[in-house]
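Subject: Handing over the predicted model

Hello,

Here is the structure for you to look through. Please open it first, then read my notes below.

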Amino acid sequence: MSDAAEFSFDSKSANGSSFGMGFMGMGVPNGLAKIHTHVEENDRRMTAPGTPGRTTAPGTPGRTTAPGTPGRTTAPGTPGRTTTPGTPSAADVCIDDSVPTVRAKTLDELHALQRKRSAPTTPKDVTNKAFALSEEERLRMQLQSISASLASLTRETGPMVVRGDPDKKIDGSETKLEHEKLHYTLQPNISDSALKFTHILYNLSPAELYEQAIKFEKGSFVTSTGALATLSGAKTGRSPRDKRVVRDEQNEDELWWGKGSPNIEMDEHTFLVNRERAVDYLNSLEKVFVNDLFLNWDPEHRIKVRIISARAYHSLFMYNMCIRPTLEELEDFGTPDFTIYNAGQFPCNRYTHYMTSSTSIDLNLQRKEMVILGTQYAGEMKKGLFSVMHYLMPQRGILSVHSGCNMGKDGDVALFFGLSGTGKTTLSTDPNRYLIGDDEHCWSDNGVSNIEGGCYAKCIDLSQEKEPDIWNAIKFGTVLENVVFDEHTREVYYEDRSVTENTRACYPIEYIPNAKIPCVGPHPKNVILLACDAFGVLPPISKLTLPQTMYHFISGYTALIAGTEDGILEPQATFSACFGAAFIMLHPTQYAAMLAERMRRHGATGWLVNTGWSGGSYGVGQRMKLAYTRKIIDAIHNGSLLNAKYEETPVFKLQIPDYIDGIPSHILHPENTWSDVKAYRETLEKLAGLFKKNFENFSDYKIGNDSRLTQEIMEAGPL
């Protein structure tokens, strides 16, 4: 018997007419096939889901159709009721056993029902509060705070702000849920710009920000792994020469000014002019993105930051890079400790004092504000906040450092300092150790803590084999900056430099499998200074005294390859104070003194590791094998190097161990790897001279009331 035999057809319709031609010319009965479903059929009584013993009429959930009503089906098996002529019997109909139909009258209403409002997962504890705020009052206060942040200083008024996306409309009117009806105006309207609402897209989720970026920001695409690829515009890197700091009476003697300093001064008036330009631009937009976030995983020293921006890309970037509050923490967020106004799509006024280009990144430490004009590169926000932490944390007696940090399974913590190309990210990301953070940290009396909630990794030439953790972190929620991808498959070409060499991936730190959450740890046992010495004269590993640690920390040395000249490649020495001169606010010796004090108090050991060349300079020698460097780092972690015998080198007076398991002993002494001993000595003296010349910028600075500590640091340098 065929499958068709299980079906029964009524060869005539209810009005007696024969069936005609159906789909594709085939004869199809006007009656419907009786298909058995999982709905129970007992005594010809069909049970509708959710309503025992009754059949729900279409369009009316939960109700039974009265008999005799035209066009409706009478529940079968009910005594005294007949089936309305013209309607197929329920016994002949394929029963729809889904839930009752929705009540929406339009597609927009249906879409509105699709989205459920978020609610805190933890009940609010109001037992210790004098009174509990209503939901309406809490939201009103939140909007009041945002309006105050966007207030014009000259007009002393804030914009009318309202929660919600202006593009979500129903029947031509704005979609306003209950919590979106509230709006707030800081002062009476006294300008035309105050006649409009500024819509606040507040702390949107990554999914919502994806939608905003793809719909409204040209150059935004979803890649094959789910990451959001976007463009930062004309600027694909930071603009350090356009960064300004307001110089006033309070910080004039606090901050590092003058030769070698990254702090280029500006006055209060110019800052306010730029702030007004940024605020007016943001207020002119129909909608702006507002993120309330945290810095520093140590709850005792946490900083509240507010980022106001015009792009979903910027909002998602900072969502990833900062520490994300819970819904409970957002309810009690209050007034931020620092605010960023990112109007990067709008240029600064070139006729304004101190402006040297259309770009300006301005810090006002007293107002606790940062203004960005003329650049859409998101890294300006990240590093701008890092500069702020370099100012705020030392005021609390906390050392802020530009370093990677990881922790062993026994709780031993190591800090990794190093400039670009030294291997800081590679060596601090160790599958056998927990990652606390890859870039920015604080060292307080409580131990170490990551400043950020995410990672900002370079992805030029990225491969799964070399960097599996970063490769696997590039998924939904990750921002990919300025990468090139296949227009059809959306697979990223990480080796392609068409847009920029500085391609980046920004993702939450939880995307790293061995990340330690929360990102805090005990006091470090080892402080590792990494240098890629292309001159090839520094030992692969040296143990440092405290003064030597301070000297090399202040120097921040590495070497870059200069290029070709008459066919010969020569290295160039590069010095960046504290391994992050572009971001520090105080004199480098102040950070060095804080580092030495903590190392002395907690018994940490300083190490200088050369990840560069051996057996000659670049072009002659060979770069140190990564396998050897990893064994050196392992020996530091397991403490075996503390028991080794040491020999002092000439000129730099560095202590070299006599033995490390798995490494040929002759490699530990660089002069043994050079075939030309005279050339080695000349190159060593040359590098020492470069160190001395660089340190002239710091030799006249006194730490404390006398120059004794400064003198100790000077004596720790090369002869």
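First, a term. Buried means under 20% relative accessible area, exposed means over 50%, and partly exposed lies in between (1.4 Å probe, protein chains only).

Next, the ground rules. This is a predicted model, where local features need pLDDT of at least 70, side-chain atom pairs count only at pLDDT 80 or more, and totals for chains, interfaces and linings use all residues. Residues are numbered from 1 along each chain as its sequence is written, and side-chain values use heavy atoms, with hydrogens and water left out.

**Confidence**

pLDDT is the predictor's confidence in each residue, from 0 to 100. The protein chain has a mean pLDDT of 83. In this chain, 76% of residues reach 70 or more. Two stretches need care. Over residues 1–88, pLDDT stays under 50. The model has 104 contacts beyond four places in sequence for residues 1–88; a contact means heavy atoms within 4.5 Å. Over residues 170–181, pLDDT also stays under 50, with 16 such contacts. Where pLDDT is low, the predicted coordinates should not be read in detail.

**Strand 15**

Helices (H or I, at least four residues) and strands (E, at least two) are DSSP runs, numbered from the N terminus. Start with strand 15, residues 360–364. How many of its residues are buried? The count is 5 of 5. Both faces are covered. Ser360, Asp362 and Asn364 are buried on one side. Ile361 and Leu363 are buried on the other.

Now look at its neighbours. Two strands pair if DSSP finds at least two bridges between them. Strand 10 (residues 243–246) pairs with strand 15 in the parallel sense, over 3 bridges. Here Val245 stands opposite Leu363. Val371 in strand 16 is the bridge partner of Asp362. Strands 15 and 16 form a hairpin, with 4 residues between them. In the turn, Lys368 has a positive phi of about 60 degrees.

**Salt bridges**

Side chains of opposite charge can pair when their charged atoms come close. A salt bridge is a side-chain nitrogen of Lys or Arg within 4 Å of a carboxyl oxygen of Asp or Glu. The structure holds 24 of them.

One involves strand 16. Arg275 forms a salt bridge with Glu369, with the closest N and O atoms 2.9 Å apart. Arg275 lies in helix 4 (residues 268–284) and Glu369 in strand 16 (residues 369–373), so the pair ties together parts that are 94 residues apart in sequence. Are these two residues buried or exposed? Arg275 is buried, at 2% relative accessible area. Glu369 is buried too, at 6%.

Another salt bridge joins Arg302 and Glu329, at 3.2 Å from N to O. This pair links distant parts of the chain, 27 residues apart. Arg302 sits in the loop between strand 12 (287–295) and strand 13 (303–309). Glu329 sits in helix 6 (residues 327–331). Arg302 is partly exposed at 32% relative accessibility, and Glu329 is partly exposed at 28%.

Glu252 also forms a salt bridge, with Arg247. Their closest N and O atoms are 3.7 Å apart. Glu252 is partly exposed at 39%, and Arg247 is partly exposed at 28%.

Salt bridges link Lys382, Lys383, Lys424, Asp439, Glu440 and Glu452.

**Helix 3**

Helix 3 covers residues 206–216. Which of its residues are buried? They are Pro206, Leu209, Tyr210, Gln212 and Ala213. These residues cover an arc of only 165 degrees around the axis, so they are on the same side of helix 3. The arc is that of the directions from the helix axis to the C-beta atoms. On the other side, Glu211 and Lys215 are exposed. The cover over the buried residues includes strand 7 (197–202), strand 12 and helix 5 (312–321).

**Cysteines**

A disulfide is a covalent bond between the sulfur atoms of two cysteines. The cut-off here is a pair of cysteine sulfur atoms within 2.5 Å. The whole structure has 0 disulfides. For Cys322, the nearest cysteine sulfur is that of Cys506, 9.3 Å away. Cys322 is buried, at 1% relative accessibility. For Cys506, the nearest cysteine sulfur is that of Cys455, 8.7 Å away. Cys506 is buried, with a relative accessible area of 1%.

Best wishes
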